[in-house]
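Please look over the model shown here before reading the notes on its strands and charged pairs.

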Amino acid sequence: MAVRKKSRRKIVCGGKNYVWYVLAGDRDYWTRVAEGGSGWAWETPFLHVISEDKTLILTIPLNAPKPYAVSKGRRFQGKKTSGRWERYFLPFSLPEAITPKTVAEIVEWAERGENAVKTEYGEVARF
């Protein structure tokens, strides 16, 4: 099955085609943590990056206190993944506005980087 491209940005990195987009997700987890579970009004924007062959699928919350990526694809940093969602800390901070250059840096790290620091869902909130 092909990747939907309508209303999404396209980028070519390392000779591979990717699509990316920013979309508001579920209720804001970080607000709930900060407000003791009562902040249900805001939404978290997520950056989504998908390779055309779907081997790399990333979701990145854009307002997390410590930036991380959720890998949902079959490969990450040149290795086969478990097939389950796996979280990795980003080794760099994210800018206020997401640009094609930022997306290219993320793709380069996710495809050819090494030694990503894996984390679990609850660990991310402690930073």
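The report below covers a strand, a loop residue and the salt bridges of this predicted model.

Strand β8 spans residues 86-89. Glu86 and Tyr88 point one way from this strand, Arg87 and Phe89 point the other way, and all are buried. In a regular strand, side chains alternate between the two faces of the sheet.

Strand β5 (residues 68-71) runs antiparallel to β8 and is joined to it by 4 bridges; Ser71 stands opposite Glu86. Strand β9 (residues 117-119) also pairs with β8 in the antiparallel sense, over 3 bridges, and here Tyr88 stands opposite Lys118.

## Gln77 in its loop

Gln77 sits in the loop between β6 (75-76) and β7 (79-80). Its relative accessible area is 8%, under the 20% limit, so Gln77 counts as buried. The side chain of Gln77 reaches the backbone nitrogen of Ala116 at 3.2 Å. Residues that Gln77 touches include Trp109, Glu111 and Asn115.

## Salt bridges

The structure holds 4 salt bridges. One of them joins the side chains of Glu111 and Lys16, at 3.3 Å from N to O. Glu111 lies in helix α2 and Lys16 in strand β2, so this pair ties together parts 95 residues apart in sequence. Glu111 is buried at 15% relative accessibility, whereas Lys16 is partly exposed at 26%.

Lys118 forms a salt bridge with Glu86, with the closest N and O atoms 3.6 Å apart. This pair links β9 to β8 across 32 residues. Within helix α2, Glu108 and Arg112 are 4 residues apart, about one helical turn, and their side chains meet at 3.1 Å.

Definitions and conventions: Residues are numbered from 1 along each chain as its sequence is written. This is a predicted model: local features need pLDDT of at least 70, side-chain atom pairs count only at pLDDT 80 or more; totals for chains, interfaces and linings use all residues. Side-chain values use heavy atoms; hydrogens and water are left out. Buried means under 20% relative accessible area, exposed over 50%, partly exposed in between (1.4 Å probe, protein chains only). Helices (H or I, at least four residues) and strands (E, at least two) are DSSP runs, numbered from the N terminus. Two strands pair if DSSP finds at least two bridges between them. A polar contact is a pair of N or O atoms within 3.5 Å; within protein, one must be able to donate a hydrogen and the other to accept it, and residues adjacent in sequence count only if both atoms are side-chain atoms. Contact means heavy atoms within 4.5 Å. Lists of a residue's contacts leave out its neighbours within four places in sequence.
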